[in-house]
Amino acid sequence: QVQLVESGGGLVQPGGSLRLSCAASRSIFMFNAMGWFRQAPGKERELVATISSGSTTKNYVDSVKGRFTISRDNVKMTVYLQMNSLKPEDTAVYYCNKNAAPFASWGQGTQVTVSS
C-alpha cells in the first residue's frame, strides 16, 4: 500500500526552479506536521523544510532559507516544495514524510539534479 508519492523532480540549470509535490494517504497527512527531506549521494538524509498541520508554522534549514517555500493543501492531502534559485548543492533525492519520528514508510522520492 503506497502511502507517500513524490513527484516533480528533474534536471535544472543553476538558478532555475522546480516545484515538488507529495501526495500522502489520509492517515499520514491529516493532523500531522509534514516535512521535506533530501539525501545526497554519500550523505545522510536531512530535513529541509517543515510545515504544521494548519500551515501556520514553517521552518527551513539555513541552506534553503529564502529560496524554498513549503506549502500544503489539506483537501488534496498534498504537500509542495517550491524551489527557486537552485544550486548544484541542492542535488539530491527529495522525500516527504511526517516531520518527526515515528515516520511513515518512505516513498520512492524524486530526483533533483542541478547542473549546467
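**View 1. Surroundings of Val79 in the predicted model.** Val79 touches Leu20, Ser21, Cys22, Phe29, Met34, Trp36, Ile51, Ile70, Ser71, Arg72 and Cys96, leaving aside residues up to four places away in sequence. Val79 also belongs to the largest nonpolar core, a set of 26 residues.

**View 2. The largest nonpolar core.** Trp36, Val79, Leu81, Met83 and Tyr94 touch the most other members of this core. At least two residues are supplied by each of β3 (18-24), α1 (26-29), β4 (34-39), β5 (46-51), β7, β8, β9 (92-98) and β10 (110-114). The largest share, four residues, comes from β3.

**View 3. The four-stranded open sheet.** The strands follow the order β1-β3-β8-β7, with antiparallel pairing. Because β1 (4-7) and β7 (68-73) each have a single partner strand, they stand at the edges, and one side of each is left without a neighbour in the sheet. Neighbouring strands are turned by 15 degrees against each other on average, direction ignored.

**View 4. Pairing of β7 with β8.** Six bridges join β7 and β8 (residues 78-83) in the antiparallel sense. Among the residues involved, Ser71 has Tyr80 in β8 as its bridge partner.

**View 5. The six-stranded open sheet.** Here the order is β2-β10-β9-β4-β5-β6, and the pairing is mixed. The edge strands, β2 (10-12) and β6 (58-60), each pair on one side only. On average, neighbouring strands of this sheet are turned by 25 degrees against each other, direction ignored.

**View 6. Pairing of β4 with β5.** These two strands pair in the antiparallel sense over five bridges. Met34 stands opposite Ile51 in β5; both residues are also touched by Val79.

Note on methods
Residues are numbered from 1 along each chain as its sequence is written. This is a predicted model: local features need pLDDT of at least 70, side-chain atom pairs count only at pLDDT 80 or more; totals for chains, interfaces and linings use all residues. Side-chain values use heavy atoms; hydrogens and water are left out. Two strands pair if DSSP finds at least two bridges between them. Axes are lines fitted to C-alpha atoms, for helices over the stretch in contact, and angles run from 0 to 180 degrees between N-to-C directions. A nonpolar core is a set of buried Ala, Val, Leu, Ile, Met, Phe, Trp, Tyr and Cys residues joined through side-chain atoms within 4.5 Å. Buried means under 20% relative accessible area, exposed over 50%, partly exposed in between (1.4 Å probe, protein chains only). Contact means heavy atoms within 4.5 Å.
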